[in-house]
Amino acid sequence: MSWLPLLGTVVGAAIALSTALLVERRRERRQDRIDLRTTSRDLYGRYLAAHAHMRAQLRILVVTSGLSDEERANRARAAYNSCFAPRYELEVSAPQSVLFLAHDVDERARVLRDEVVEGTNIQVEGSEAVTEYVDAMRRISVAMRADLGVSDSN
């Protein structure tokens with residue numbers, strides 16, 4: 001009995017198995033990257049949408065007449081509080097470059113909220129708090145797009 005055919009079969013099976021495992025591992029890594037990108041895209045969208053909603057609510061408060069100072073303050077704080085959940089989600093999965101800018105956005109949002117609480121009209125052209133907030137939002141949006149690998153070339 002010759003051992004060569006048996007040895008050839010064992011070697012062939014080992015090669016086939018290792019190749020199959022390698023292909024499966026690559027497929028898993030690719031799927032993990034796709035899942036991470038999808039999760040990040042959804043998270044970034046929620047974060048930006050929460051801030052857009054907050055800003056819209058603050059702008060509405062500025063033009064709403066008949067509100068007491070306390071009611072305006074409570075509504076402004078509630079609008080700002082809606083940004084907390086997506087902000088904390090960023091802490092778990094966003095890269096440091098995005099987190100650094102998120103801290104800046106949150107600080108600018110607090111300033112904006114406080115101005116509304118104080119009764120300042122943030123819709124006045126050239127409002128410094130609004131300008132700084134919008135600039136911070138633009139910077140974080142660019143960082144999020146860079147993290148997702150989205151090109152700005154059109």
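Visitor: What is the relative accessible area of Arg 108?

Guide: A heads-up before the value: this is a predicted model, where local features need pLDDT of at least 70, side-chain atom pairs count only at pLDDT 80 or more, and totals for chains, interfaces and linings use all residues. Numbering runs from 1 along each chain as its sequence is written, and side-chain values use heavy atoms, with hydrogens and water left out. Arg 108 sits in helix α4 (helices are DSSP runs of H or I with at least four residues, strands are E runs of at least two, and both are numbered from the N terminus). The residue counts as partly exposed, the class between buried (under 20% relative accessible area) and exposed (over 50%), using a 1.4 Å probe and protein chains only, and its value is 25%.

Visitor: Which residues does Arg 108 touch, leaving out those up to four places away in sequence?

Guide: Contact here means heavy atoms within 4.5 Å. With residues up to four places away set aside, Arg 108 touches Glu 132, Tyr 133 and Ala 136.

Visitor: And how far apart in space are Arg 108 and Val 10?

Guide: Along the sequence, Arg 108 and Val 10 are 98 residues apart. In space, going C-alpha to C-alpha, the separation is 66 Å.

Visitor: Which residues are linked with Arg 108 in a network of salt bridges?

Guide: A salt bridge is a side-chain nitrogen of Lys or Arg within 4 Å of a carboxyl oxygen of Asp or Glu, and the whole structure has 13 of them. Glu 132, already on the contact list of Arg 108, shows up in this network too. Besides Arg 108, the members are Asp 104, Glu 132 and Arg 139.

Visitor: How far apart are the closest N and O atoms of Arg 139 and Asp 104?

Guide: These two form a salt bridge. The pair links distant parts of the chain, 35 residues apart: Arg 139 belongs to helix α5 (residues 128-148) and Asp 104 to helix α4. Arg 139 is partly exposed at 38% relative accessible area, and the N and O atoms come to 2.8 Å.

Visitor: Where is the salt-bridge partner of Arg 87?

Guide: Arg 87 and Asp 106 meet through their side chains, with 2.5 Å from N to O. They are 19 residues apart and connect distant parts of the chain, Arg 87 being in helix α3. Both are buried, Asp 106 with a relative accessible area of 10%. That partner, Asp 106, lies in helix α4 (residues 96-117).

Visitor: How many residues separate Arg 25 and Glu 28 in helix α1?

Guide: Their side chains meet in a salt bridge at 3.5 Å, N to O. Arg 25 is partly exposed at 39%, and Glu 28 is partly exposed at 37%. Being separated by about one helical turn, the two are apart by 3 residues.

Visitor: Which ring geometry do Tyr 80 and Phe 84 have?

Guide: Rings of Phe, Tyr and Trp (its six-membered ring) pair if their centres lie within 6.5 Å; planes under 30 degrees apart are stacked, over 60 edge-to-face, and the rest tilted. The count by that rule is 2 aromatic pairs. Tyr 80 and Phe 84 are 5.3 Å apart centre to centre, with 80° between their planes, and that makes the pair edge-to-face.

Visitor: Why is the pair of Phe 84 and Tyr 88 tilted?

Guide: Phe 84 is partly exposed at 34%. The ring centres of Phe 84 and Tyr 88 are 6.4 Å apart, and the pair is tilted because the planes stand at 50°.

Visitor: What is the separation between the C-alpha atoms of Glu 70 and Asn 81?

Guide: Glu 70 is in helix α2 (residues 69-81) and is exposed at 59%. Along the chain, Glu 70 and Asn 81 are 11 residues apart, and their C-alpha atoms are separated by 16 Å.
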